[in-house]
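I opened my notebook to look up a few places in this structure.

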Amino acid sequence: MLQKIARHSPKKKTYQADLKRSSRSSLQVILTVPFVVQLFLAVSAVGYLSFLNGRASVNNLVGQLQDEVSDRVSTHLDGYLSIPHKINGTNLDAIAVGQINLDDPIGTGRLFWRQLDVFNVRYINFGGVEGNFIGAGLYTDGYNIEVISDSTEGALYTYETDDEGNPTEIEEILPPGEYDPRDYPWYQDPVAARTSVWSEIYLWEDYPEFISIAASVPVFTSGSELVGVLGVDLLLSDISEFLNEIDITQSGSIFILERDGSLVASSNLEQPYTLINESGERLQLDTTPDQGIQGIGTALLENFGDLNQIEESERLIAEVEGDRQFVMVRPWQDQYGLDWLIVVAVPEADFMAQINANTRLTILLCSFALGVAVLVSYITARGITQPILRLNRAAKDIANGDWEQTVDIERSDEVGELATSFDSMSNQLKFAFETLEQRVEDRTLELAESNQQLAIAKDKAEVANEAKSLFLTKMSHELRTPLNGILGYAQIIKRDLEQSRSFNPDAREGQIQGLEAISYSGFHLLGLIDDILGFSKIESQTLTLEPSEFNFSNFLQDVIHIIRGNAVEKNLPINLEEHGNLPTQVYADQKRLQQVLLNLLGNAVKFTNQGSVKLRVSRLDPENLATDVETATVQFAVIDTGVGISPDHLERIFEPFEQVGDLRQRTAGTGLGLSISKELVELMGGDLRVQSELGQGSVFEFNLKLPLMRTVAMPTTPPAAEDAVETINTVSQVDQNTVTPTQENSRGDFLNNVNQIIGYKGTRRKLLIADDNETNRLVLLNMLKPLGFELLLAKDGAEALSIISHTKPDLLLLDLYMPVHTGITVVQSLREDLETQNIPVIIVTASNFTITKNTVLKRGSDALLTKPVSLEKLLALLEKYLELEWIFNEVASDLHNLLPYR
């Protein structure tokens with residue numbers, strides 16, 4: 001409803017500039033902010049791009065520096081580590097031409113002494129095959145010559161030397177056997193390899209600060225007879241000194257690693273070793289005191305996992321103690337087996353200091369420019385917004401109903417023209433709103449009357465729909481109660497006839513035919529009730545599916561078994577054709593799928609007088625069930641050779657209450673079967689289709705995707721009832737003593753021989769039947785008493801609880817709705833008592849709704865059985881929950897499949 005616009009007495013106002021009254025500056029912000037933002041973004045973009053360019057330049061410069069440094073280190077290693085092998089080669093040649101006489105240890109030691117001074121190595125030695133030894137080395141206190149020969153009688157003599165390399169005094173004598181060169185790897189490895197090799201990096205025993213590596217080569221005679229081994233030792237500290245001399249950056253570092261993470265040399269450490277109890281021990285990446293090397297080592301392991309994975313130059317950025325480091329690692333090898341890694345690390349901060357300073361300056365300049373831009377844009381926006389603010393206030397007064405407004409703005413620009421147009425607009429709005437108000441009032445009255453009539457009609461429709469649903473529910477319940485008596489006694493009498501031999505066969509045949517008529521009529525009436533209820537659920541959109549796992553093959557056999565009872569009178573064959581590798585276990589709504597197939601097959605039987613009716617089930621998707629598929633696409637087709645359907649009726653065949661065929665056949669049903677079937681198929685995800693030709697027959701088909709269950713195949717016999725969820729696996733008796741059966745049928749014959757059951761094995765079982773309807777109690781009594789059960793009867797829930805308190809039954813059959821206490825109340829009382837909480841309870845009800853089943857199972861009941869009670873379903877549940885083994889009559893039944901509806 002549009003509210004009336006307030007009217008004010010005519011009063012002319014003139015608005016002057018009044019900036020103090022205007023507290024809003026949204027237009028100023030709109031004019032100022034975009035300009036400021038654009039300037040800020042432009043300056044920021046320039047600064048950011050400058051920063052990125054600087055960083056890119058740094059990356060390029062760092063890469064060039066790392067390449068140059070690694071090349072220098074690699075070149076130095078190539079030259080420095082080739083010296084020992086050159087010395088060994090020179091000495092080999094000298095031995096071959098006789099320039100070195102190994103039988104003159106002092107002369108040879110003097111030659112080695114001179115080579116130490118020339119080539120700047122630490123130790124040169126020779127070890128013979130007989131244990132003799134000649135060596136010259138540079139120690140912290142000077143040069144020494146060491147000899148083991150025949151003249152020393154196997155002892156190791158250490159001589160001090162003068163400036164010419166001549167022995168002077170004996171510094172130390174080791175007894176014979178304390179040192180044998182043949183026991184050390186520097187001797188054994190080249191002998192085994194028969195070529196020049198490197199030893200492992202090691203620390204000298206007496207001088208742990210000496211970390212060195214030895215190059216050794218075997219010496220052979222011209223006849224390839226081993227003479228001994230020549231060796232040269234290098235100190236790796238010389239490599240560290242070289243690395244320390246390379247000027248990278250203020251905080252840059254260079255170090256060399258072995259593939260196992262051991263340090264060879266470093267520019268940051270004096271020596272790549274540590275002393276523990278005066279014994280030298282090499283440093284690893286994780287034991288080095290240099291935190292920078294530790295952090296870089298961690299980054300290398302995180303990126304490559306194993307240092308052996310690095311086969312070419314690699315670059316990465318490592319976070320070390322919060323600082324970024326540019327790291328390059330490069331492999332280095334030589335021909336004698338060394339395989340090291342050269343690592344060059346450069347902190348980003350060494351290059352980014354000036355770039356960061358430029359960035360800060362850029363931010364300061366941007367802030368200054370931003371302040372100036374805000375001031376200039378504010379002054380500009382203020383001059384534009386003053387008159388607009390006055391127009392805004394005048395417009396608000398007009399909106400409140402004060403139409404007598406003028407705006408005094410004497411300007412010759414666009415703002416002045418806007419003020420003139422505003423005055424003209426206010427006059428036109430005054431007239432327009434007065435006219436609109438009157439029209440709205442008139443229209444509001446009309447709409448109010450129309451809405452009231454619609455609300456009344458809607459309420460009536462809702463009440464009628466609720467009344468219809470309530471009526472159908474009550475009628476279903478009321479009709480099932482008398483049907484329980486009719487069909488229950490029909491099953492009881494039929495069982496008695498099957499087990500009896502005393503009746504006249506002719507009279508007995510007539511009695512059986514009468515019972516068949518009663519059963520068929522009763523179950524036909526029950527089917528009509530279910531159709532009407534199903535249609536009501538579909539119409540109100542309350543129908544839901546109840547999927548469960550079941551054996552697909554047994555399900556199909558059960559459907560054919562049921563429908564054959566309808567085709568007996570016509571002597572019409574019912575065939576099942578299975579194509580493809582059909583699934584074994586599926587997960588779907590078994591009851592609704594069975595309802596659809598029985599409807600279609602029932603129609604096919606009804607409209608087919610000769611020929612056959614066929615159910616064809618085919619799998620459409622790939623048949624390899626070993627693959628990891630979750631669903632199977634199955635096509636169901638009901639094919640008959642009946643009267644067919646004319647093309648005019650095909651379009652209307654699925655409409656509710658629509659029937660086709662001759663008049664006699666049309667009367668046998670409600671006309672809801674096909675409509676309900678189509679709705680159920682669509683609810684399950686399929687589409688029901690029909691093909692038909694008059695006089696040739698019809699084909700009804702639909703496809704469903706059925707979820708597969710990866711479980712062990714179920715037994716070949718299908719469950720006897722939908723409420724007995726598992727396959728029949730239980731048993732009964734006649735009296736307290738075990739009865740010896742005259743004939744025990746196999747479990748596969750249970751469905752066809754249910755009326756031949758005369759008892760069960762084992763002790764006598766006690767059952768309590770509680771129902772407020774006497775007929776219902778008597779039906780269950782007469783069904784179970786002949787089988788040997790001890791039966792207790794109660795007419796309400798209170799009497800049932802009283803009986804249970806005095807005697808403990810083995811199983812309860814409870815009506816859902818009883819006076820005093822309902823079946824649910826009785827169940828809850830049992831479950832709260834430790835002595836009775838495990839007694840099986842089957843709820844028997846005339847309500848056939850999903851919500852009822854879900855409710856009773858959640859409240860503690862074990863199963864639900866709907867009325868009219870099926871003897872087959874009842875015995876299946878007793879077999880399951882009492883674990884019974886049935887005893888069958890030896891008289892063969894001639895009344896198989898009396899009840900066509902299961």
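I started with Glu883, which is exposed because its relative accessible area is 63%. I used these cut-offs: buried is under 20% relative accessible area, exposed is over 50%, and partly exposed is in between, with a 1.4 Å probe and protein chains only. Glu883 sits in the loop between helix 19 and strand 30 (886-888). Its phi is near 55 degrees, a positive value in a residue other than glycine.

I noted the ground rules next. This is a predicted model, where local features need pLDDT of at least 70 and side-chain atom pairs count only at pLDDT 80 or more, while totals for chains, interfaces and linings use all residues. Residues are numbered from 1 along each chain as its sequence is written, and side-chain values use heavy atoms, with hydrogens and water left out. Helices (H or I, at least four residues) and strands (E, at least two) are DSSP runs, numbered from the N terminus.

**Entry: another positive phi.** I looked up Arg194. Its phi is near 60 degrees, a positive value in a residue other than glycine. Arg194 lies in the loop between helix 4 (185-193) and strand 6 (197-198). Arg194 is exposed, since its relative accessible area is 52%.

**Entry: a cis bond.** I found a cis peptide bond between Lys867 and Pro868, with omega about 0 degrees. Pro868 belongs to the loop between strand 29 and helix 19.

**Entry: helix 19 and its partner.** I followed helix 19 (residues 871-882) to helix 15 (residues 774-784). They pack at an angle of about 65 degrees, with axes 12 Å apart. Axes are lines fitted to C-alpha atoms, for helices over the stretch in contact, and angles run from 0 to 180 degrees between N-to-C directions. Helix 15 and helix 19 are therefore roughly perpendicular to each other. The classes are under 35 degrees for roughly parallel, over 145 for roughly antiparallel, 65 to 115 for roughly perpendicular, and oblique for the rest.

Which residues of helix 15 meet helix 19? They are Leu780, Met783 and Leu784, and they meet Leu871, Leu874, Leu875 and Leu878 in helix 19. Contact means heavy atoms within 4.5 Å.

Entry: I turned to helix 2 (residues 83-97) and helix 3 (residues 105-119). Their packing angle is about 145 degrees, and their axes are 12 Å apart. Ile83, Ile87 and Asn91 of helix 2 make the contact with Phe112, Gln115 and Phe119 of helix 3.

Entry: I traced an open sheet of 5 strands in the order 26-25-27-28-29, with parallel pairing. Two strands pair if DSSP finds at least two bridges between them. The edges are strand 26 (790-794) and strand 29 (863-866), each pairing on one side only. The twist averages 20 degrees from one strand to the next. Strand 25 (residues 766-770) pairs with strand 27 (residues 811-815) over 4 bridges.

**Entry: a threonine in a loop.** Is Thr836 buried or exposed? Thr836 is buried, because its relative accessible area is 9%. Thr836 is in the loop between helix 17 (823-831) and strand 28 (841-845). I saw that its side chain reaches the backbone oxygen of Leu830 at 2.9 Å. Not counting residues up to four places away in sequence, Thr836 touches Ile804, Leu830 and Arg831.

Conventions: A polar contact is a pair of N or O atoms within 3.5 Å; within protein, one must be able to donate a hydrogen and the other to accept it, and residues adjacent in sequence count only if both atoms are side-chain atoms.
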